[in-house]
Amino acid sequence: MTASKLVRAATRSIFRNKMRSFLTSLGIIIGVCSVIVMVAVGSGSQDSIRKRIESMGTNLLMVMPPRGPREANRLSMGDVDKLRSESSYLSAISGVVRLSGVKAVGGSGDWSTSVYGVEPDYFDIKGWELGSGEALTSVDLQRRAKVAVLGSTVATELFGDEDPLGQTVRIATTPFTVIGVLVSKGSGNNGIDQDDIALVPLDTAVNRLMRNGNVQSIEMSVVREDLMDEAEAEVTAILTEAHRLSPGDDLDFDVMNQADIIATASATAETLTSLLAAIAGVSLIVGGIGIMNIMLVSVTERTREIGIRMSVGARKRDILLQFLAESVILSLLGGLIGILLALGISWALSAFMGMPTIVSVDVIAASVGFAAAVGIFFGFYPARKAANLYPIDALRYE
Amino acid sequence: MAVIALRGVKRHYVVGDITVRAIRGLDLDVESGEFVAVMGPSGSGKSTLMNTLGCLDKPTEGSYVLGGLETATASSDEFADIRNDRIGFVFQGFNLLSRTSALENVELPLFYDRSGSKLDQKARAKAALEEVGLGDRLDHTPNQLSGGQQQRVAIARAMVKDPAFILADEPTGNLDTEMSLEIMSLFQELNERGKTIVMVTHEPEIAAYTRRVITMRDGEIVSDEPVSERRRAADDLAAWRERHAGFAASGGLS
Ligand SMILES: Nc1ncnc2c1ncn2[C@@H]1O[C@H](COP(=O)(O)OP(=O)(O)O)[C@@H](O)[C@H]1O
Ligand SMILES: [Mg+2]
């Protein structure tokens, strides 16, 4: 029997039972679709993280405490001042403290948000612009003024349509006057709202809101991109001296440049992507088991058909190949529908929900291959069972 | 030389502790061109014999030579090829593929053809259906056909590869008189064209259309006689239709 005959017969038999065929391949459809969508969402967000970090400017430097317990953080406001005065490569610098889940009360409501203590340069470093009002100034810092710049989400949640400028917001019970509102940056990927933020002067935050005098990170812009390496070396040297470390000591801080930040951020996203893909992969296997289940039922249901085919001259091999072809074609059809569905969903996610998605050809190819493998693997046992039926037993089957 | 030769054929089924001796040492010769009826009470081993002759089943013991070929040593693939090439089997329950057109059903043996001949499957299947008078029912599925029509599709399927033997296990068992007569006249026609036919039937009237009647009891042949007054099914069918024409016209059976 030729391959084309085989495919034709299997296709006929699949379409003779459309509903059953559809339900059989549903597992594969969902499996393939979710693998592709998950990976598309994962790599889309990875890509947008990279783009966002790049859009901050490629001349960004950041000092963070080393990974490990919080207590190990020895970055201080003094370090920031020392860097500002001694470094020759920095165009902007800001110490940063961050507090999340802080209750802000003002206007007509209250809202839990992230509060950042920052210095005036921070706006430049991030490239954030004000929609109304003014940014923080060095005077605000010196005076430890209780003033705040709100992200647009916080402004809307607290004040609705009212103008927040000049109004009072209580952040962790301390009253702050709103002096500015940031331009909306839109809802980011990963479901993180970039506008859900309140910025206050670093000194005010350290004194009023934090328990110790440390800063959590220092963010800097280097004057020119080609001076990144020099700047990094200099920052390291200055902090080593400030922290009184001897050569050979472990550094109690991490200096990261653009590439390091991207690597760190996308490593997380990559882990997430693989995890999602793995979960979706499991659903593909479950789909395969579904195919096996229905094929087994179908062998029983079609015992008479098998008997008839044998009685007119089908060999064991013919029956085996027929059932195998059916399960492979079912899997492939399911895979094909899954791909189309995944393309649609990925498109809809980015078009209507603002979620960046990147559909990769590799993943499509891999999931089609996997679908076919599932068809062969899970189709083989039922097919062999069918082929090993004895003609008269199959014919007598009621 | 006999085209079918059974020597000492036994078929035992083991069911739990019990051994059912469905056929107990059978000798039988059938010459080319014969038309044999196998009769006997239910459970006497007729179907077992037919399955053996049809290479659907292997005897427990004994020798079966079909057209000069000893089948005792044949593999399951060779059995499949014999069924495909040399034998057309007609069942009591028709055994057509459901939800499958008459044409596709008849094409089925050609689908498993291994001779490699580049014959036009569709045309041959269509010709076979035309021969049994169903040229206008090619696309009908079994549930759109009457019992007699379904059996004629089954006969077309049995004939499509032009095998030397037709084996039929109670082909008229599920059919009314008119349909039975149609089938028998078809068989007589095929026999006249040289086909060797072995057929199981319960009814002596049906056996009267064959040339030789074998009677079985308890797995053995108890009598084997030629048919003395052979009837022509086509004549009986015409007579039957004439007798019932008035009745049908007056609004009865059609
Ligand atoms: N597959 C089988 N397993 C066990 N016993 C069987 C099987 N097929 C037939 N038999 C038994 O063999 C005997 C002959 O059956 P069968 O050839 O069908 O008789 P017939 O067709 O004359 O009615 C019966 O007693 C029947 O029960
Ligand atoms: Mg029987």
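These are my notes, entry by entry.

**Ground rules.** I am working with a predicted model, where local features need pLDDT of at least 70, side-chain atom pairs count only at pLDDT 80 or more, and totals for chains, interfaces and linings use all residues. Residues are numbered from 1 along each chain as its sequence is written, chains are lettered from A and ligands numbered from 1 in the order in which they are written, and side-chain values use heavy atoms, with hydrogens and water left out.

**Entry 1: a helix pair across two chains.** I reminded myself that two packed helices are described by the angle between their axes and the distance between the axes. I looked up helix H1 (residues 3-16) of chain A and helix H3 (residues 102-111) of chain B, whose axes come within 13 Å and cross at roughly 150 degrees. Helices here are DSSP runs of H or I with at least four residues, strands are runs of E with at least two, and both are numbered from the N terminus. The axes are lines fitted to C-alpha atoms, for helices over the stretch in contact, and angles run from 0 to 180 degrees between N-to-C directions. H1(A) and H3(B) are therefore roughly antiparallel. For that word, the angle must be over 145 degrees; under 35 is roughly parallel, 65 to 115 roughly perpendicular, and the rest oblique.

Which residues of H1(A) and H3(B) meet? On one side I found Lys5(A), Ala9(A), Arg12(A) and Arg16(A), and on the other Glu104(B), Leu110(B) and Phe111(B); contact means heavy atoms within 4.5 Å. Nonpolar covers Ala, Val, Leu, Ile, Met, Phe, Trp, Tyr, Cys and Pro, charged covers Asp, Glu, Lys and Arg, and the others, Gly among them, are polar.

Entry 2: Rolling a probe the size of a water molecule over the atoms shows where empty space is left. I found four cavities of 30 Å³ or more. A cavity is a set of points, on a 1 Å grid over the protein atoms alone, where a 1.4 Å probe fits but cannot get out; a pocket is an open set with protein on both sides within 12 Å along at least five of seven lines, and lining residues have an atom within 4 Å of a point. Grid points are joined across faces, edges and corners, and a volume is the space filled by probe spheres set on the points.

The largest cavity has a volume of about 170 Å³. Among its 14 lining residues, Ala9(A), Arg12(A), Glu104(B), Leu108(B) and Phe111(B) are closest to the centre.

**Entry 3: an open pocket.** I put the second largest pocket at about 760 Å³. It has 29 lining residues, and Arg396(A), Ser47(B), Thr48(B), Asn51(B) and Asp169(B) lie nearest its centre. The lining has seven nonpolar, 12 polar and 10 charged residues.

**Entry 4: helices within chain A.** Helix H11 (residues 316-352) and helix H12 (residues 361-387) of chain A pack at about 150 degrees, with axes 7 Å apart. That makes H11(A) roughly antiparallel to H12(A). I counted 17 nonpolar, four polar and two charged residues in their contact.
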